[in-house]
Amino acid sequence: MYVLDASAFIHEYHTTEQQATIPLVREELEDESAYRYDAMEGSGMHIHIPEDETVERIERAARETGDLETLSETDIRLVGAAFELDGRLVTDDYAMQNVAEKLEVAVELIAREGISEQRDWRFQCSGCGREFDENHDRCPICGSDLSRKNPA
């Protein structure tokens with residue numbers, strides 16, 4: 001089962017395998033890509049809504065990798081659908097790829113190169129320079145902004 005992100009509809013991704021997606025993807029599409037979604041739904045594409053427990057599991061994994069702040073609700077639910085369906089996530093989104101890899105969900109790329117390694121991001125304060133495992137609105141020590149930092 002191939003679970004399609006919005007970019008699959010935008011870039012006219014084709015496969016002969018069974019396909020699925022979530023309703024939120026339709027809301028991200030316009031013009032021709034929205035028509036492609038509708039046509040594929042009409043021809044048997046599975047529409048899946050992941051369980052709340054699965055969504056929470058995806059959010060935990062995204063928090064652990066440091067990708068939670070960059071993922072939309074749609075992104076999280078797409079990874080959840082691929083996880084529940086034991087499917088292959090079709091996306092070009094790097095944060096989704098990173099979380100999918102952490103959860104051992106297979107990924108199929110569309111138009112870009114995929115990630116070369118799974119990362120657990122760190123967050124560094126722009127003021128005092130301290131590093132944190134989780135993102136905060138502001139540094140809990142000095143109040144400055146945090147930025148995502150490559151852990152390597």
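A salt bridge here is a side-chain nitrogen of Lys or Arg within 4 Å of a carboxyl oxygen of Asp or Glu. The structure is a predicted model, in which local features need pLDDT of at least 70 and side-chain atom pairs count only at pLDDT 80 or more, while totals for chains, interfaces and linings use all residues. Residues are numbered from 1 along each chain as its sequence is written, and side-chain values use heavy atoms, with hydrogens and water left out.

## The chain as a whole

The secondary structure of the chain comes to six helices and eight strands, where helices (H or I, at least four residues) and strands (E, at least two) are DSSP runs numbered from the N terminus. Read along the sequence, these elements follow the pattern β-α-β-α-α-β-α-α-β-α-β-β-β-β. The C-alpha atoms fill a box of roughly 55 × 30 × 30 Å, taken along the principal axes. Of the 152 residues, 39% count as buried; buried means under 20% relative accessible area, exposed means over 50%, and partly exposed lies in between (1.4 Å probe, protein chains only).

## The sheet

Five strands form an open sheet in the order β3-β2-β1-β4-β5, and the pairing is parallel. The edge strands are β3 (46-47) and β5 (106-108), each of which pairs on one side only. Two strands are said to pair if DSSP finds at least two bridges between them. Strand β2 (residues 19-21) and strand β3 run parallel and are joined by two bridges. Within this pairing, alanine 20 has histidine 46 in β3 as its bridge partner.

The structure holds seven salt bridges. Another one of them joins arginine 26 and aspartate 38, whose closest N and O atoms are 2.8 Å apart. This pair also links distant parts of the chain, with arginine 26 in helix α2 (residues 23-28) and aspartate 38 in helix α3, 12 residues apart. A further salt bridge is formed by arginine 77 with glutamate 73, the closest N and O atoms being 3.1 Å apart. Because arginine 77 and glutamate 73 are four residues apart in helix α5, they are separated by about one helical turn. Salt bridges that share partners also join Glu12, Glu32 and Arg36 into one network.

How accessible are the residues in these pairs?

| Residue | Relative accessible area | Class |
|---|---|---|
| Arginine 36 | 21% | partly exposed |
| Arginine 26 | 28% | partly exposed |
| Aspartate 38 | 32% | partly exposed |
| Glutamate 73 | 49% | partly exposed |

## A negative patch

Glu51, Asp52, Glu53 and Glu56 form a negative surface patch. Patches are made of residues with over 30% relative accessible area and no salt bridge, with like charges joined within 9 Å and nonpolar side chains (Val, Leu, Ile, Met, Phe, Trp, Tyr) joined within 5 Å. Accessible areas come from the Shrake-Rupley method with a 1.4 Å probe, and for residues only the protein chains shown count as cover. Lys and Arg count as positive and Asp and Glu as negative, whereas His and the chain ends are not counted; the place of a charge is taken as NZ of Lys, CZ of Arg, CG of Asp or CD of Glu. Glutamate 51 lies in the loop between β3 and α4 (52-65), and with a relative accessible area of 48% this glutamate is partly exposed.

## Two aspartates with positive phi

Most residues other than glycine have a negative phi. Aspartate 31 has a phi near 50 degrees, a positive value in a residue other than glycine. This aspartate is found in helix α3 (residues 31-42) and, at 60% relative accessibility, counts as exposed. Aspartate 86 likewise has a positive phi of about 50 degrees although it is not a glycine. Aspartate 86 is found in the loop between α5 (73-84) and β4 (88-90) and is exposed, with a relative accessible area of 70%.

## A buried serine

Is serine 7 buried or exposed? Serine 7, which has its place in helix α1, is buried, with a relative accessible area of 14%. Serine 7 and glutamine 19 are 12 residues apart in sequence and 14 Å apart in space, C-alpha to C-alpha.
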